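Hi everyone, thanks for coming.

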Amino acid sequence: MIEPYMIWIWLGVFIITLIIEAVTQELVSIWFSLGSLVCIVLCLINGITYWVEIIVFVAVSIITLLLTRPVVLKLLKNKIRTTNVDDFIGREVRAICSIKFNQMGEIKINDVIYNAVLAENEKDINEGEFCVIVGIKGNKVVVKPLQKEI
């Protein structure tokens, strides 16, 4: 007869699934924790057999998984955060060190020196020439020569 021990089994499942949820960064077992919690309550009601508890555990776990996972994932989804570096794009700056194909140079923005690389298929930028920031690539600023209007 397994019914007297089912409350301890469900308590064990509850604790194990909570520990798994606590040590992972993804939502993987919280729904099974809810299912086992419902089964702990069912164990307190006399006359319910273990196979009914197992069916309820599976049903509650699946229902909570299907109903809440998409919503929870949408809420926890990491959003792209813009930084003040993104404000540099489109800005005209002067090269303080020449920037050549496959060779890093330097630019200065607000008294801070940044490493700079050329955008693809752009001509070299000599020291003192102006350039436009077109992007950020890792810890480097991507630039292209400033097109002079005639």
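Let's start with Asp 111, which sits in the loop between β2 (105-109) and β3 (112-118); strands here are DSSP runs of E, at least two residues, and helices are runs of H or I, at least four, both numbered from the N terminus. Before I go on, this is a predicted model, where local features need pLDDT of at least 70, side-chain atom pairs count only at pLDDT 80 or more, and totals for chains, interfaces and linings use all residues. Residues are numbered from 1 along each chain as its sequence is written, and side-chain values use heavy atoms, without hydrogens and water.

Back to Asp 111: its phi is near 65°, positive in a residue other than glycine. Buried or exposed, then, for Asp 111? Exposed, with a relative accessible area of 69%; the cut-offs are under 20% for buried, over 50% for exposed and partly exposed in between, using a 1.4 Å probe and protein chains only.

Next, Asn 121, in the loop between β3 and β4 (130-137). Asn 121 isn't a glycine either, yet has a positive phi of about 60°. Asn 121 is exposed too, at 79% relative accessible area.

Now the helices. α1 (residues 6-23) packs on α3 (residues 50-76) at an angle of about 20°, and their axes are 11 Å apart. Axes are lines fitted to C-alpha atoms, for helices over the stretch in contact, with angles from 0 to 180 degrees between N-to-C directions. On the α1 side, Met 6, Trp 10 and Val 13 make the contact (heavy atoms within 4.5 Å); on the α3 side, Tyr 50, Glu 53, Ile 54 and Phe 57 do.
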